[in-house]
Amino acid sequence: MTEQTAADIFGPVTARPPLDPELAPAEEVMRGFLPVLSDETLPEARRRVAEGMAGREPDLTAGGRVRVEERQVPGPDGAPELTVLILSPVEDRGAKGGILHIHGGGMILGDRRTGVSAMLPFVAEGSAVVVSVEYRLAPEHPDPAPVEDCYAGLVWLAKNAEELGVDPGRLLVVGTSAGGGLAAGTALLARDRAFPRLSHQVLICPMLDDRFRTHSSRMLDGEGTWDRNSNLYGWTALLGERRGGPDVSPYAAPARAEDLGGLPRTYIDTGSVEVFRDEILTYARRLSEAGVSVDLHMWGGGFHGFDGIAAQAAVSRASVATREEFIRRALEA
């Protein structure tokens, strides 16, 4: 993989909006949590993420209201089986919505438990079953392995809806960051392969475009939780020398999709101080132009992942409440 930095390729940084005052201290603390990403530092980055979670894992049983299970399920044709984490309500209240959860981590970090606690309220309330998929990570497993794994997890969820107590008419795909990009790619695959039919996609600060053409993709260097250098490494890990060129699939980089018609109702959000901002705004506009119902939220002063890192800030609480309200309505539809 390239040893060039974003500065070598893209030149000087562009202007950025200010951080929300409540978020600025958290952003300062998070700087340097990950080393500057490279093939040499990736094992250390993965170790730090794993250690950062040690002792902080939430109670996935939600005090006994949620059943936690892991299974091996079929992967893509010719690929290994997948491990999925299944969260289901202990108290059965009838057919529930099904959520395929796809974790973040820049295509290179994380696992099936990363971020899944955000889905716990819907399971504990009895309105959802969550299947969180352990997709293979780049660079060891480049495109199309991650998105095909996610699609295989969705197919398994749909085909086993009756056993899981899931209404097949209420299938959602939810992803954060790289998981948001994979969720968008999975939704495109489901549309183009005509199975299964998704009712909603929830794309939380999604990673959508490998081309670095936007203002925001160049505006952070050494700031925030995911700057342009991290983004360059993540996309290159996934795509190799194809990154930025003409031979990248829209399932890997959904911003490249020419046709966004026929996709499910969409929730999509971003902070104003993150590299993905402009590609998110463009994707939301293009979805709307294609006839898709879109709920778009840009949170002023928010950095990447702000509402999980600085959860008590007012803008974080507003962001989480807005997203949870959308998901609850989707599960009841």
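This is a predicted model: local features need pLDDT of at least 70, side-chain atom pairs count only at pLDDT 80 or more; totals for chains, interfaces and linings use all residues.
Residues are numbered from 1 along each chain as its sequence is written, and side-chain values use heavy atoms, with hydrogens and water left out.

Visitor: How many aromatic pairs are there?

Guide: Rings of Phe, Tyr and Trp (its six-membered ring) pair if their centres lie within 6.5 Å. Planes under 30 degrees apart count as stacked, over 60 as edge-to-face and the rest as tilted. The count comes to 2 aromatic pairs.

Visitor: Is the pair of phenylalanine 10 and phenylalanine 212 stacked or tilted?

Guide: The centres lie 4.5 Å apart. The planes are at 15 degrees, and the pair is stacked.

Visitor: How many residues apart in sequence are the parts that phenylalanine 10 and phenylalanine 212 tie together?

Guide: Phenylalanine 10 lies in helix α1 (residues 6–10). Helices (H or I, at least four residues) and strands (E, at least two) are DSSP runs, numbered from the N terminus. Phenylalanine 212 lies in the loop between β6 and α8 (228–239), so the parts tied together are apart in sequence by 202 residues.

Visitor: Is the pair of tyrosine 267 and phenylalanine 326 stacked or tilted?

Guide: Both residues, tyrosine 267 and phenylalanine 326, are buried. Their ring centres are 5.2 Å apart. Their planes are at 50 degrees, so the pair is tilted.

Visitor: How many disulfides are there?

Guide: A disulfide is a pair of cysteine sulfur atoms within 2.5 Å. The sulfur of cysteine 150 has its closest cysteine sulfur in cysteine 205, at 16 Å, too far for a bond. The count comes to 0 disulfides.

Visitor: What span does helix α9 reach from its first C-alpha to its last?

Guide: The expected span of a helix is 1.5 Å times one less than its number of residues. Helix α9 (residues 277–289) has 13 residues, with 18 Å expected. The span it reaches is close to that, at 19 Å.

Technical notes: Buried means under 20% relative accessible area, exposed over 50%, partly exposed in between (1.4 Å probe, protein chains only).
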